[in-house]
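Hello,

Here is the structure I promised to pass on. Please open it next to this email and follow along.

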Amino acid sequence: MRVTLFIFAVLTVLCGIVTAKDERQLAANKDSTSCMSGGSPCFGAGDNDGYADIKADACYGQNACLRSGYGGYATISSGSCHQLYACANAGLGGRATVGSNSCLQDYACFRIGSGAVATIGSGSCVGINACKYLGMQGKKIEIGSNSCNCHYCCECLGDGSYVVPDNSCNDLGVDECCKSATEKGNKASATLPPTESPKAAPSTAPTSSKKYSLKLISIAISD
């Protein structure tokens, strides 16, 4: 009798583990050609009541999309988020939307939209740390298409809310968004009001981005 009860208890636990795993898998919509190569490129994506929508040929490389959409929302379009930690923790407790063929190379879009909102257009953020830490903790970032394409190109914008228009900030320098990874250039004046963490899942990733005038405005963040 004791042996029978023990076996029943073990089977119950195992069934619970399998069910929990199936529920976690439902939190991430992954194309069959995504999340390939390297160690656990999509581990934890969409977990903790979050959601991750990962399109074809996205999330290639070691931990490329690790915990993307964890407790939040992440949409990764086709051909995006390649190489080491390229989009790891994107949309963690917030919302991150990445257009196609964006966020390429190591840490290109690491932790974007973590606790806030980040939108990356198509063909953008190509380079090591190109858009690292953007749109975090109550901030909001919008990167247009074909923008921020060099190593550290827009990393300096991680401390505020900014808009980068299409075809902009593809180099480092005084007349660009960033002079270096930590110093802003003359173009780093386009701002957006702060945002709260999103309450609903995002729609599909953007296919185009609007151009915004470069105008500095004050930002107040409430507790």
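C169 and C177 form a disulfide, with 2.0 Å between their sulfur atoms. Keep in mind that this is a predicted model. A disulfide is a covalent bond that links the sulfur atoms of two cysteines. The torsion about the S-S bond of C169 and C177 is about 55°, so this disulfide is right-handed. Are C169 and C177 buried or exposed? Both are buried.

How many disulfides does a search of the whole structure find? It finds nine. Here are two others to look at.

Start with C150 and C153. They are joined by a disulfide, S to S 1.9 Å. The torsion about their S-S bond is about 110°, so this disulfide is right-handed. Now check how accessible each cysteine is. C150 has 16% relative accessibility. The cut-off for buried is under 20%, so C150 counts as buried. C153 is at 0% relative accessibility and counts as buried too.

Next, go to C59 and C65. A disulfide joins them, and the S to S value is 1.9 Å. Which hand does this disulfide have? The torsion about the S-S bond of C59 and C65 is about -85°, so the disulfide is left-handed. C59 is buried, at a relative accessible area of 0%. C65 is buried as well, at 0% relative accessibility.

To recap the hands: the C169 to C177 disulfide is right-handed, the C150 to C153 disulfide is right-handed, and the C59 to C65 disulfide is left-handed.

Best wishes

Note on methods: Residues numbered from 1 in each chain as written. Predicted model: local features only at pLDDT ≥ 70, side-chain atom pairs only at ≥ 80, totals over all residues. Heavy atoms only, no water. Disulfide = S-S within 2.5 Å. Buried < 20%, exposed > 50% of the residue type's maximum accessible area, 1.4 Å probe, protein only.
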